[in-house]
Amino acid sequence: MATITVNGQQREVKSSPDTPLIYVLRDELGVMGVKFGCGLAQCGACSVLLDGEEIRACVTPLAALEGKVVTTVDGLAARWARQKGVPVDPARLHPVQQAWVDEQVPQCGICQFGMMIKVTELLEHTPKPTDAQIAQALTESGPSPHLCRCGSYAAIRDGVHRAAVLMAQGAA
Amino acid sequence: MNSQLFQFGGAQPAAIDIDIHGARLTALSRRGFLGTSGVLMVALGLAGPMAAHAAPANALDATQPASWIDIHADSTITLRTGKCDFGQSSIYTAFRQILAEELGVPVEAITQVISGDTDRTPDGGGTFGLLRNAGGNLRKAAAYTREAVLTLAAERFGVPRAQVSVADGVIRGGGQQARYGEIVAGKDLRLTIPVAGELTSMFGLVVTGNPPLKKPADYTVVGQPVTNPIIRPKVSGETVWVGDVKLPGMLHARTIHPATLGSTLIAPGKLDASLFPGAKLVRLGNLLAVASANEWEAVQAAMAVAADTKWSEWKGLPGSDHLQDHLRKGVDWSQTKANKSNASKGDVTATQGVKQLSANYFVPFLKHAPIGPTVSLADVRPDGSVTVHTHTQNPQFLRRALALMLGIGEDKLVVRTYPGPGHFGRSNGGNAGSEDEAVLLSRALGVPVRVQWMRADDMQWSTQSSPMTADIRIALDAQGRIAAYEAIHSGPPMQDDRPIGALLAGLPTMDAPHPANPSPLHTTSMNIADQWVYGAVPAVLETGRGTYQIGEKESPIRVGLRDHSMRTPIQFQQNFPREVAISEAAALAGIDALQFRIDHATDPRVRAVLERLRVEAAWDSRPSPAPAPKARAKAGKAGTGVLRGRGVSVMLRDHGYWACAAHIAVTPATGVVRVERMTLVVDPGIVVNPLQLKRQAQAGCLMGVSAALHEEVRFDQGAITSVDWQSYPILTMAEMPELKVVLAPASGSDIYGQGSESANALAAPAIAGAFLDATGKAIRRIPLTPEYVKLALRG
């Protein structure tokens, strides 16, 4: 039995210690905002924040997570509310999610779960990134590039700039 | 195809029975009405409007299609379509706009879109040509509906129909007004519209007849940048994707596919019950699978069993390194009748010209490569009923294939469709892969089964986009104009719609492509899909030569490299060589590549997009190659120099005119090509939604850059060796060029513009043209990887 904090809630987990986080989240805890892409840490679709840093849930075993804090896309809005010290409002999105709506970023959208996680990590460290910093974050900073098969990279870049504005304004 | 009018069941007397431009508007008695406050349904309901709404998840009376358009008493509207969405957004944006426009209501009135469920949608057919085909259907269905409601309104107002009009949801006439809902309230109305076709065929149903259509000049909703309402639930995490579906008592399965595309199972590996106590091993012919209530156990047990499984050896593929040679020399092209294009004219053999270009071009196998591998669920019940949950572009055709596999009636099957990773045409023939396996495993195990393919399964066992080779000869006259153009396009056509699980299990499927396949779409015949745009060329001969799927006849399990449509299918494979050859011919003639195209185009819309491209791309008009002797010399000597060039391509597809300019940088020493700038100009006809079209074109263009720079399916003599993102790399964000998309619709068009498909195809020939411009050397294949670039520079 392991204990991890997922999207602000402490959860007791029964899965075996070698179980990759993605199956723990989706199958045992019912947290579905993490998607299966490659199972090889090559695409970034399954990214989650672990203590604020992006990791790949498909290759991270439960044993490495005891006592850690996991945030998925499902928990981004609450994360933002906590950071701003305001009550969680189910009608409000995290600025990154809101920017993704404003800029109509997703096509099929399966990669965007990992994209939004990576961009949240980026903006928490670099509030006003340049195009080069965005490309670097989404291509070189993790175990692999974050891949989008639909080719929505231009929309993603627009979305990051929009999110930066929304975050600077302090609201979404 | 027989034209048919839907007849509504039930013996209730009709209080209303009106002919509406060939459609039939009827009302059932109150007794036949199931308790709503009134509704108008278009096409055939199940048993009544509420039955359609409340169809249970395992409804088995799926033989009858549901309503196309439901007008509710509160004036909200439900739109139903058998098409699905894999990122285009069309069914949630353009479709609602088209419907709202014809009805004369605000787009917000269409509050619900039901898509892709075989028991809840009316039309079937594949998700392709969404605006061209399905958009036209919807436009007509909406026009019939508007006419029906306005006819009733005229009766209510006591004025002739001609005095009744509708705008912004309000129907007016004789000084009175009413909303749609008020006209249908308290009635149980059925509008039967004429359709042709077959529900579970590849193409589904087509609306026929000629209802009066709103004039495009009067459009107010079509043309607006309507946002996509499904994005918010997707980014918040609320959307239920196909992979998120959980069925009570379901098992997670992983299939273990053969060692090669021709291997048979000799001995299954041992499933160690002490290591995997909850796992079960299932064998169905050459299909092997492990299932467990615990997904991670299923993954591990499948890997352990796979490592211990014995398959027969098989070598029946040419290998990707030899594919181009195989297509040129190893195929008997006489087995399938060749086709000539409609553009063929004059006597090409009589024209040698003053200068001549003669070359061979090649497009390799490409993968649809969705970011998430296919996943689906099936629930086969003891009573023989089957429900499949999947992400498919053609759910009705999938239903037909699964019924054939199981030997049961189509009425026993329901296919439910969910969002999933885009697969760009792969499932237009029904299956994306895994659906049939889920059904077979559920039947074998007696419980619902979820089959998730792993990355390698998806790369090795899904279909791919066909390869093609082209022999092109261009003769130039003394003025540098094309006197003759001759092209022979040779390859296996799309599409092989046989589900892989059914093949491995030895169960019935439709035929593999062969010359006499009773399904005309599934023959070995190769048509010319690339529309000719150079009308001024006096002699043209374009020939298509088709063959069997590579390795299929050699494989004991009849698998081989199965093909399926992927964006601009076949047209891309033919447009790439044509447009590269045209750029080469322009260089040979010493004429600017863009001007050369204008000089040979006769259609003013082709010329217009090229003229506009010249401005938008800041195109420097001059012959190729680029005048950069110093840079070229430096690049050759020091090995570190960069050569820059620009290229152009044109495509006419679905009445849409597309032109593209690529600006690239080539480093000869490393063979690295960097795409620096892409400019697209499109005249698609009517732009239904400029916001979504622009996003689609941007993304499609980048997918095309990905194919141009990186993509080739590698395989040895038995199996695909491109198994993951390292062995099948795609474009990353760091490689994204500067992008400019210009919408330049010609006025007066009556045709809805298609989306990003053409954007996808334009990149590769423009980039190859830019390579010729930059280096003075032609590159006649993709991808432009360092390996092939260095070969081209030597040649």
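This section describes the domains, the interface between the chains, selected strands and the nonpolar core of a predicted model.

Chain A is divided into domain 1, spanning residues 2-74, and domain 2, spanning residues 76-169, and the centres of these two domains, taken over C-alpha atoms, are separated by 19 Å. The contact between them involves 20 residues of domain 1 of chain A and 18 residues of domain 2 of chain A. On the side of domain 1 that touches domain 2, strand E3 (47-50) and strand E4 (53-56) of chain A each supply at least two residues, and this side comprises eight nonpolar, eight polar and four charged residues.

The contact between the two chains takes 44 residues from chain A and 40 residues from chain B. On the side of chain A that touches chain B, the elements giving two or more residues are helices H1 (21-28), H3 (95-102), H4 (112-125), H5 (131-139) and H6 (153-169) of chain A; of these, H6(A) gives the most, with four residues. By class, the residues of chain A on this side divide into 26 nonpolar, 13 polar and five charged.

Within chain B, strand E5 (residues 69-72) directs Ile69(B) and Ile71(B) one way and Asp70(B) and His72(B) the other way, and all of these residues are buried. E5(B) is joined by three bridges to strand E4 (residues 39-42) of chain B, the two running antiparallel, and the bridge partner of Met41(B) in E5(B) is Asp70(B). Three bridges also join E5(B) to strand E6 (residues 77-81) of chain B, again in antiparallel fashion, with Leu79(B) in E6(B) as the bridge partner of Ile69(B). The hairpin of E5(B) and E6(B) has four residues between the strands, and in this hairpin Ser75(B) takes a positive phi near 70°.

Further along chain B, an open sheet of three strands has the order E8-E9-E10, with antiparallel pairing. Strands E8 (165-167) and E10 (176-179) of chain B each have a single partner strand and stand at the edges, so that one side of each is left without a neighbour in the sheet. Neighbouring strands of this sheet are turned against each other by 25° on average, direction ignored. Three bridges join E8(B) to strand E9 (residues 170-173) of chain B, and Ala167(B) stands opposite Val170(B) in E9(B). Helix H3(B) lies across E8, E9 and E10 of chain B and runs at about 45° to E9(B).

The largest nonpolar core contains 289 residues, among which Trp658(B), Cys660(B), Leu680(B), Ala763(B), Ile767(B) and Phe771(B) touch the most other members. The largest share of this core, 14 residues, is contributed by helix H3 (residues 130-157) of chain B. When residues up to four places away in sequence are not counted, Ile767(B) touches Gly647(B), Ala662(B), Ile664(B), Val675(B), Ala708(B) and Leu784(B).

Ser344(B) lies in the loop between strand E19 (339-340) and strand E20 (355-363) of chain B. Because 18 other C-beta atoms lie within 10 Å, Ser344(B) is classed as partly exposed. With residues up to four places away in sequence left out, Ser344(B) touches Val540(B), Leu541(B) and Glu542(B), whereas the C-alpha atoms of Ser344(B) and Tyr361(B), which are 17 residues apart along the chain, are separated by 20 Å.

Definitions and conventions: Residues are numbered from 1 along each chain as its sequence is written. Chains are lettered from A and ligands numbered from 1 in the order in which they are written. This is a predicted model: local features need pLDDT of at least 70, side-chain atom pairs count only at pLDDT 80 or more; totals for chains, interfaces and linings use all residues. A nonpolar core is a set of buried Ala, Val, Leu, Ile, Met, Phe, Trp, Tyr and Cys residues joined through C-beta atoms within 7 Å. A residue is buried if 20 or more other C-beta atoms lie within 10 Å of its own, exposed if 12 or fewer, and partly exposed in between; C-beta atoms are placed from the backbone. Two residues are in contact if their C-beta atoms, placed from the backbone, lie within 7 Å. Ala, Val, Leu, Ile, Met, Phe, Trp, Tyr, Cys and Pro count as nonpolar, Asp, Glu, Lys and Arg as charged, and the others, Gly among them, as polar. Two strands pair if DSSP finds at least two bridges between them. Axes are lines fitted to C-alpha atoms, for helices over the stretch in contact, and angles run from 0 to 180 degrees between N-to-C directions. Domain bounds come from an automatic or database domain assignment.
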